[in-house]
Amino acid sequence: MSIWWSLHLRREAASVPLARRFLLGTMESAGVDPDISFDLSLALSEACANAVEHGGAHGGAGDVTEPWDAWEEPSGAACGQYRVTAYLDGEKCRIEVADSGPGFPARRVLRTAAQQHEAHQQDEPHERHGATPPHGTRQPYGTPYAEHPPLTAEDGRGLCLIEQLADHVHFGNRPGHGGAVVSFDKVLKWREGALLMVS
């Protein structure tokens with residue numbers, strides 16, 4: 001048995017807890033371990049908050065435009081909305097959040113915490129002595145990795161948090177349509193007697 005659902009939500013702050021509660025209710029009914037449910041619901045909240053804040057090409061987050069057809073991709077005309085899709089089966093849960101905003105900057109992805117720490121360790125000795133790091137040891141701005149936000153930043157940590165909570169994460173753009181897509185999955189653990197537990 002598997003469970004699949006898709007929500008089309010307005011880009012309003014109230015949609016974030018709605019999506020989170022819907023996912024938590026689904027996982028509770030299916031018998032998913034509460035720790036896994038918490039991680040996935042927190043990651044979903046961050047992805048939804050990102051879509052609410054950055055997911056529209058025109059106007060403000062409260063703009064109401066023509067709705068999407070349930071079976072179509074979101075269009076530029078639907079900038080006041082975003083879509084959440086979740087799929088639970090016996091082994092994992094996969095979640096996708098798609099919006100119709102400008103998308104992610106080209107050629108930039110997030111580093112995991114381990115990659116960030118490793119890059120900092122490579123750069124640190126050269127910075128202490130005022131030397132220029134050897135060619136290839138430092139990633140300049142705009143190349144494959146984006147920096148994690150500074151510790152004093154008030155926002156900007158949501159995508160990094162998703163990376164830490166999920167097993168596999170992909171940040172991309174919808175080709176030809178515009179808009180960002182955040183997709184992530186996590187291997188599920190089940191309570192005893194769960195409806196979808198692998199036999």
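What follows is a short exchange on this predicted model.

Trainee: Which strands stand at the edges of the open sheet, and why is one side of each left without a neighbour?

Mentor: The 5 strands run in the order 1-2-3-7-6, with antiparallel pairing.

Trainee: What angle does the direction of helix 2 make with that of strand 7?

Mentor: Strand 7 (residues 180-187) pairs with strand 3 (residues 92-99) over 7 bridges, in the antiparallel sense. Helix 2 (residues 34-54) packs on the sheet and touches strand 2 (81-88), strand 3 and strand 7. Its direction and that of strand 7 make about 180°.

Trainee: Arg94 and Asp185 meet in a salt bridge. Which of the two is buried?

Mentor: Their N to O distance is 3.3 Å. Arg94 lies in strand 3 and Asp185 in strand 7, so the pair ties together parts 91 residues apart in sequence. Arg94 has a relative accessible area of 37%, which is partly exposed. Buried requires under 20%, and at 6% the buried residue is Asp185.

Trainee: How many residues apart in sequence are the parts tied together by Arg191 and Glu28?

Mentor: The side chains of Arg191 and Glu28 meet in a salt bridge at 3.6 Å, N to O. Arg191 lies in the segment after strand 7, and Glu28 in helix 1 (residues 15-30). Therefore the separation of the parts is 163 residues.

Notes:
Residues are numbered from 1 along each chain as its sequence is written. This is a predicted model: local features need pLDDT of at least 70, side-chain atom pairs count only at pLDDT 80 or more; totals for chains, interfaces and linings use all residues. Side-chain values use heavy atoms; hydrogens and water are left out. Two strands pair if DSSP finds at least two bridges between them. Helices (H or I, at least four residues) and strands (E, at least two) are DSSP runs, numbered from the N terminus. Contact means heavy atoms within 4.5 Å. Axes are lines fitted to C-alpha atoms, for helices over the stretch in contact, and angles run from 0 to 180 degrees between N-to-C directions. A salt bridge is a side-chain nitrogen of Lys or Arg within 4 Å of a carboxyl oxygen of Asp or Glu. Buried means under 20% relative accessible area, exposed over 50%, partly exposed in between (1.4 Å probe, protein chains only).
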